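Here's a quick briefing to read alongside the model. Have the sequence and the structure open as you go.

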Amino acid sequence: MKRFFSFFLFQTRPPEGLSRGRRTAFWLWNALLLTGGALGLGLLSLILAPSQFGWRLFWDYLARPGLMVLNLLPPVVLAALFYGATGRAWLAYGLTALPVLGLAFGNFYKLAFRDDPVVAADLLLLGEAGNMADKYQLYLTGKLAAILVCAALGALVLALLARGRPGGRVRALTAAAALSCAIALVPVYGSDSVYLANANEEHINRWSPTQQYVSRGGLYPFLYSVKSAVPSPPEGYDQREAEELLAQYQDGTIPEDKKVNIVGVMLEAFADFSQFEEIQFTQDVYAGYHALEAESYSGTLLTNIFAGGTVNTERAFLTGVGDSGYDYRSGTSSYVWYLKSQGYRATGDHPCYGWFYNRQNVNAYLGFDSYRFSEDFYSALSGDATAPDRIFFPELTKSVLEQLERDDGPLFSFSVSYQGHGPYGDSVYWWGEAEDYFSNESLDDASRYILANYLGTVLDTQKYLTEMVDAFRGLDEPIVLVVFGDHKPWLGNGNSVYDALGVDLSQETDESFYSYWSTRYLIWANGAAKEVLGKDLVGEGPDISPCFLMNVLFEQLGWTGDAYMQAADQCRRELPVVHSYGAYLTAGGELTRELTEEQQRLARQFSCLGYYRGRHFSPS
């Protein structure tokens with residue numbers, strides 16, 4: 001044992017006089033310890049990967065050698081790279097632990113809070129993520145604490161027992177080998193066929209994109225998502241084909257005598273829960289909204305997001321692009337630019353920070369002339385970082401009225417509220433007691449607080465929305481109001497309140513698919529607008545994707561729209577819902593994932609048009 005310690009432990013270099021075999025054994029000992037530490041980090045990340053989905057998925061990982069290799073190999077390669085760069089095993093281990101466990105912890109919390117995993121595109125919004133972190137109450141479970149302790153012990157073991165420091169040549173070769181291995185693995189981790197071959201669907205809902213991600217571990221699906229961070233062309237994309245298709249249409253001109261002012265408001269997490277029979281309402285919480293729907297053209301949106309990702313619905317509406325998750329860095333074609341080419345001014349408000357989703361820059365790229373945020377307007381009124389609807393709606397209404405009185409030409413105003421943003425308190429009531437809204441007695445205390453606070457905020461929103469409508473109602477200026485929700489709300493970690501209510505979010509039936517993805521939209525016109533348009537704008541509209549909401553609006557206004565809108569209408573008329581996760585709603589009302597040959601052609605054409613539009617800026 002003494003000879004073992006003298007040969008292998010606490011040594012930075014093999015002792016003089018050792019045989020070649022023992023020298024080799026010395027370096028092998030250090031390499032194996034570091035490799036074991038890296039594998040341990042990978043295993044710790046896998047323990048966290050299922051988040052609220054439990055241990056069953058972890059045991060599923062262990063039963064699938066392919067998934068284990070794909071999740072454990074990255075930290076090994078990364079540790080080897082850092083070892084070659086630093087020459088110290090404990091330091092290489094620590095540098096590997098930072099991204100591996102940082103990603104694992106971030107993924108754990110994001111899944112718990114928003115039912116949404118961390119993907120590579122999220123790294124483009126690290127500022128937003130950091131600034132929003134204090135909006136949720138982070139917690140430390142026994143599992144999380146144990147993982148931190150294990151990681152620290154691993155560093156200590158390596159610091160004491162793997163002290164070998166190879167020379168410069170060996171380090172260079174080690175780093176080069178690790179880098180070469182990483183490059184060689186890029187096609188593997190980006191392969192669709194490998195991803196499909198490693199499906200792990202026994203204990204998940206295969207229709208859930210979140211569960212599909214989680215079922216494959218943590219590091220592997222994250223690395224697979226890298227290729228989606230910067231969208232690649234759709235299959236079969238041909239730029240010339242897209243240009244030729246758009247060339248078949250000419251941008252329509254809005255007749256001067258048919259121009260109306262458009263005021264759009266997207267309501268944060270606003271959804272009509274009267275659709276859920278599981279909630280035993282003690283008052284008609286949605287009376288105000290339903291009254292407004294009764295005098296509007298209204299319908300259902302099937303959004304691509306749940307409990308977060310507001311900007312997806314927002315930018316799909318403004319651009320008409322189905323997959324609106326682009327990283328906007330310069331001028332981008334949009335319906336805002338088209339309206340401006342028709343003589344409209346484009347303004348808007350958001351009572352939160354301008355850096356949130358980079359709106360302060362992106363909104364200008366999309367064509368807005370001006371936009372008011374918390375920093376330059378609302379914080380002075382609210383005394384806080386955000387402004388509630390009692391401030392937001394009156395100020396927005398005032399701004400619209402002042403612009404109509406002051407400026408010549410029509411107005412396009414589009415604003416995004418903030419008040420409904422989760423999470424909702426689970427230990428104190430914000431808007432009255434739970435009994436003011438529902439009588440469900442089976443809910444635990446935390447669920448009662450969360451649900452009551454959510455219903456309270458949507459009831460309050462309707463009050464101020466109604467006041468805005470009343471302010472527009474009798475004006476001589478024609479105003480058309482477009483209101484819609486961006487997504488269903490967060491209701492407890494892991495959708496705990498939905499589960500407690502018995503609301504089915506499995507997406508295995510049409511009803512549960514709608515329960516997960518649907519919100520409402522309405523198009524309302526004041527008397528002056530109805531006179532200009534020669535129609536009432538009342539009735540039930542179609543179920544649509546957010547990217548087709550502007551199409552429906554223009555159709556109701558009798559406008560043609562730009563060339564892109566006209567081309568996109570070919571798809572909308574046959575497939576009014578094109579969902580990001582492979583579901584479609586046909587013109588006949590069938591929710592399906594299996595398309596006819598013609599439907600496939602239209603869906604592909606629409607996808608290619610959207611890709612082209614997102615990368616070829618045309619301000620008119």
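Which residues of helix 7 are buried? They are Leu-144, Ile-147, Ala-151, Gly-154 and Leu-158, where buried means under 20% relative accessible area, exposed over 50% and partly exposed in between (1.4 Å probe, protein chains only). This is a predicted model, so local features need pLDDT of at least 70 and side-chain atom pairs count only at pLDDT 80 or more, while totals for chains, interfaces and linings use all residues. Residues are numbered from 1 along each chain as its sequence is written, and side-chain values use heavy atoms, leaving out hydrogens and water.

**Helix 7**
- An α-helix has 3.6 residues a turn, so residues three or four places apart point the same way.

**Nonpolar patch**
- Leu-43, Trp-55, Trp-59 and Leu-62 make up a nonpolar surface patch with about 410 Å² of accessible area together.
- Helix 3 (residues 55-62) contributes the most, with three residues; helices here are DSSP runs of H or I, at least four residues, numbered from the N terminus.
- Leu-62, which sits in helix 3, counts as partly exposed because its relative accessibility is 38%.

**Cysteines**
- The disulfide count is zero, taking a disulfide as a pair of cysteine sulfur atoms within 2.5 Å.
- The sulfur of Cys-547 has its closest cysteine sulfur in Cys-571, 7.8 Å away, so that is too far for a bond.
- Cys-547 counts as buried at 3% relative accessibility, and Cys-571 counts as buried at 2%.

Methods:
Patch = residues over 30% accessible without salt bridge, like charges linked within 9 Å, V, L, I, M, F, W, Y side chains within 5 Å. Areas by Shrake-Rupley, 256 points an atom, 1.4 Å probe, with all protein chains shown as cover. Salt bridge = Lys/Arg side-chain N within 4 Å of Asp/Glu carboxyl O. Helix = DSSP H or I, 4+ residues; strand = E, 2+ residues; numbered from the N terminus.
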